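Here is a short briefing for a first look at this structure. Start with the view below, then read on by topic.

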Amino acid sequence: MEQIVDLCKQRGFIFQGSEIYGGLGGFWDYGPLGVELKNNIKRLWWKAIVHDREDVVGLDTAIIMNPRVWEASGHLTEFTDPMVDCKQCKRRFRADDIKDQTCPSCGAIGQFTPVRRFNLMFKTFVGPVEDASALAYLRPETAQGIFTNFKNVLNTMRKKLPFGIAQIGRSFRNEITPGDFIFRDREFEQMELEYFVKPGEDERWHKYWVEERFNWYIQALGLRAERLRIRELPKEELAHYAKAAYEIEYDFPGKGWAELEGIANRTDYDLRRHIEFSGKELFYFDEETGEHIIPYVIEPSAGVDRLFLACLLDAYHEEEVRDRRRVVLRLKPALAPIKVAVLPLLANRPEIVSLAREITARLKPKFTTMYDDTASIGRLYRRQDEIGTPYCVTVDVQSLTDHQVTVRERDTMEQIRVPIDQLPRLLEEKLALA
Ligand code: GAP
């Protein structure tokens, strides 16, 4: 994990949020390469969940909602963590993180206050007057924007059960103990699908989505199967809205098995509560039976930041190459922030630089392409390996006369000579196959 944190900072994946002011716990900024990787993860999810399917549509809803939403959803009363304070060092912890009554910070034994419930929602005020009537919350899950729009989507998209509504967006939780780098943040992104089904068909669809989502991690993200597992949650771990839930967990090096995604059977809980609290008829008309029903919901809910961390840890390799340490991110090409790097062998030869720049300009509309001439070729290759660039294109003296370049493959380090005019097609083929 430490190596990943260092690499993220040094190579522009992730920076501490508001770093120049000493940072702020649980808030992170994604750098130039980080934002590319993050967008790639979100794009792959959206493709698999929305674009590749007939039965799911997307949505993008407001972060701040009418506070009645959170009364109805149960978050105002139920979305809490048990919290204790150490009487000696005054630090605050999640009660379930204190296993042996010893303070993880100062080592004091048995010096904790009684357990209190702490609501994780961030508060804010809407409008100029900061009184109770203006109180609002930053959403702790994106799901509620989907439930409150259930009827709007149903009416505009003419969907029949089973169908889903998907959303990617920021969520906020005032976590008592954020940590493990970007694993537990106070501001993070979720990718959530609410999949509406007929009551009675929920358990079958629950199994379907657990399997579907598990396979996505291996096939789309390319994570190692042996570092993934499915865990059914025991009753005492279920969220207040869930009848049953599974987690897809990843074996994080140095941390162990931890949740990437939860897949819950939320029953008709949310729609029923919104019907009750809003007085609106959020029913589905079942043409077969002529009845108005409240659909059940299966909810696969993944955290972008956690997936980001898992992708980096999974891809990180260190190896010896000719007595030197090589760090290489073996990211699936679809995830790689930069697909192709164009590198001039000699940065002091204007003709080589100009040809390399010309090639960069030709490749850019097709792939995220980076031009770099700021170091020797050996070092440039190493930098690209470290950020997971699948292909490097090197322009040398010979390229000026034979109109060919060297293409180097990240994982095997194999090099082939390719005519410049065939380069875009060759890279396209290689990247599509990988
Ligand atoms: N709508 C259901 C829901 O929010 P959750 O299990 O609380 O369920 C879903 O969250 C996913 O969101 C988790 O599996 C995790 O990947 C991500 N997540 C939750 N809290 C997080 C946090 N504090 N920091 C980063 N990711 C978080």
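Leaving aside its neighbours within four places in sequence, with which residues is Q88 in contact? Q88 is in contact with C106, A108 and Q111, where contact means heavy atoms within 4.5 Å. This is a predicted model: local features need pLDDT of at least 70, side-chain atom pairs count only at pLDDT 80 or more, and totals for chains, interfaces and linings use all residues. Residues are numbered from 1 along each chain as its sequence is written, and side-chain values use heavy atoms, with hydrogens and water left out.

**Around Q88**
- Q88 sits in the loop between β4 (80-85) and β5 (92-94). Strands (E, at least two residues) and helices (H or I, at least four) are DSSP runs, numbered from the N terminus.
- Q88 counts as exposed, at 53% relative accessibility. Exposed means over 50% relative accessible area, buried under 20%, and partly exposed in between (1.4 Å probe, protein chains only).
- The C-alpha atoms of Q88 and G107 are 9.3 Å apart, and the two residues are 19 residues apart along the chain.

**The sheet**
- Seven strands form an open sheet with mixed pairing, in the order β3-β9-β10-β16-β13-β12-β11. Two strands pair if DSSP finds at least two bridges between them.
- β3 (56-59) and β11 (228-232) stand at the edges with a single partner strand each, so one side of each has no neighbour in the sheet.
- From one strand to the next, the twist averages 25°.
- β10 (residues 187-197) and β16 (residues 296-303) pair in the antiparallel sense over six bridges. Q190 stands opposite G303 in β16.

**Two helices**
- Helix α9 (residues 304-315) lies across β10, β12 (244-252), β13 (256-267) and β16. α9 runs at about 35° to β12; axes are lines fitted to C-alpha atoms, for helices over the stretch in contact, and angles run from 0 to 180 degrees between N-to-C directions.
- The buried residues of α7 include W205, W209, F214 and Y217. Seen down the axis of α7, its buried residues fall within an arc of 165°, so they line one face of the helix. The arc is that of the directions from the helix axis to the C-beta atoms.
- The face of α7 turned away from its buried side carries the exposed residues R204, K207, E211 and Q219.

**Nonpolar cores**
- A nonpolar core is a set of buried Ala, Val, Leu, Ile, Met, Phe, Trp, Tyr and Cys residues joined through side-chain atoms within 4.5 Å.
- The largest has 59 residues, of which F13 and Y217 touch the most other members. Its largest share, nine residues, comes from α9.
- Another core, of 20 residues, lies apart from it and includes V342 and F367.
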